[in-house]
Amino acid sequence: MKYKDILVHVDSSEQSVARLEIAAKIAKQHEAHLTGLYVVPNLYIPPLQDMAQLPPEYIEQQTEAAEEEAKKAELSFYEVVKTAGVAHEWRKDEGVPVDVIRLHSRYCDLLILGQRNPNSTDYLGDIPDGVILSVGRPVLIIPYSTKVKNIGERVMVGWDSSAQSARAIHDAIPLMSEAKKVDIIAVNPSTGAGGSEGHGDPPCADISLHLARHGINAEAQSITVSDIGIADILLSRAADKGVDLFVMGAYGHSRWRELVLGGVTAHMLDHMTMPVLMAH
């Protein structure tokens with residue numbers, strides 16, 4: 001079981017180059033076709049009263065700047081894929097970034113995005129959050145602040161027995177199949193009559209058996225904590241074990257609830273320091 005069609009979102013940032021290198025490495029391992037997608041956001045047109053104060057060549061300047069950024073990203077893409085020696089394709093499209101990425105992602109096995117960089121001035125809209133929720137494909141998010149050398153050698157799975165978690169594990173099997181170490185962790189599994197509701201008895205036993213049938217031997221554990229958030233304990237355990245890929249379901253609750261009350265997905269997206277594969 002391998003990925004055969006991989007799509008990576010490309011921009012003109014340094015983080016994009018690192019993301020491209022990881023995408024090319026995965027494509028090489030899976031003998032997959034790699035598509036680089038650059039999105040040119042719709043040109044910002046100020047209100048009429050403000051337009052009068054701008055130079056006549058404003059729109060032309062903005063268009064030229066956008067084309068220069070796109071060309072810079074394209075050159076980076078071709079440099080990386082040429083070095084990696086993978087089958088490839090370059091695409092440039094215009095529109096709302098989330099909508100464009102969602103459209104092109106319908107035809108890939110894996111979508112690779114970058115973590116939102118709070119220090120970036122580029123407008124990328126609701127990425128990666130909005131894409132994860134609506135794309136219907138596994139999304140691999142690459143952190144902006146960490147240099148990723150390897151991916152999938154040491155894997156940790158956050159298991160909560162939800163449909164989203166099951167989807168993520170299934171979609172991550174191609175990346176986990178060659179792992180040297182796989183850990184499955186359930187935090188605060190709920191209990192019901194006859195054992196841990198939804199988790200099996202003991203927790204994680206059934207999902208471990210499922211992975212074993214795919215040739216993936218995983219070490220499972222469940223823990224109960226009350227003095228630290230679930231996302232924080234997952235990140236802490238992952239860091240302790242040197243994890244280079246974390247796998248989890250995304251937005252088991254409504255996104256509105258997570259934004260208002262806090263949630264594991266949002267916290268992971270903000271504080272992740274290793275690649276995270278999410279599925280919804």
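1. In this predicted model, helix H8 spans residues 230-240 and buries Ala231, Ile233, Leu234, Leu235 and Ala238. An α-helix has 3.6 residues a turn, so residues three or four places apart point the same way. The elements covering the buried residues of H8 include strands E6 (154-158), E7 (181-187), E10 (218-223) and E11, together with helix H10 (264-271). Just after H8, glycine 242 adopts a positive phi of about 65°.

2. Strand E11 (residues 245-249), one of the elements that cover H8, is joined to strand E12 by 4 bridges, and the two run parallel. Within this pairing, phenylalanine 246 has valine 276 of E12 as its bridge partner.

3. Strand E12 (residues 276-279) also pairs with strand E5 (residues 139-142), here in antiparallel fashion and through 3 bridges. Leucine 140 has leucine 277 of E12 as its bridge partner.

4. In a regular strand the side chains alternate between the two faces of the sheet. In E12, Val276 and Met278 point one way, whereas Leu277 and Ala279 point the other way; all are buried.

5. The largest nonpolar core comprises 47 residues, and those with the most contacts inside it are Ile6, Ile26, Leu34, Ile112, Leu140, Met176 and Leu277.

6. Leaving aside residues up to four places away in sequence, isoleucine 26 touches Tyr3, Ile6, Leu110, Ile112, Leu140, Ile151 and Leu175.

How values were computed
Residues numbered from 1 in each chain as written. Predicted model: local features only at pLDDT ≥ 70, side-chain atom pairs only at ≥ 80, totals over all residues. Heavy atoms only, no water. Buried < 20%, exposed > 50% of the residue type's maximum accessible area, 1.4 Å probe, protein only. Pairing = 2+ DSSP bridges. Contact = heavy atoms within 4.5 Å. Core = buried A, V, L, I, M, F, W, Y, C linked by side-chain atoms within 4.5 Å.
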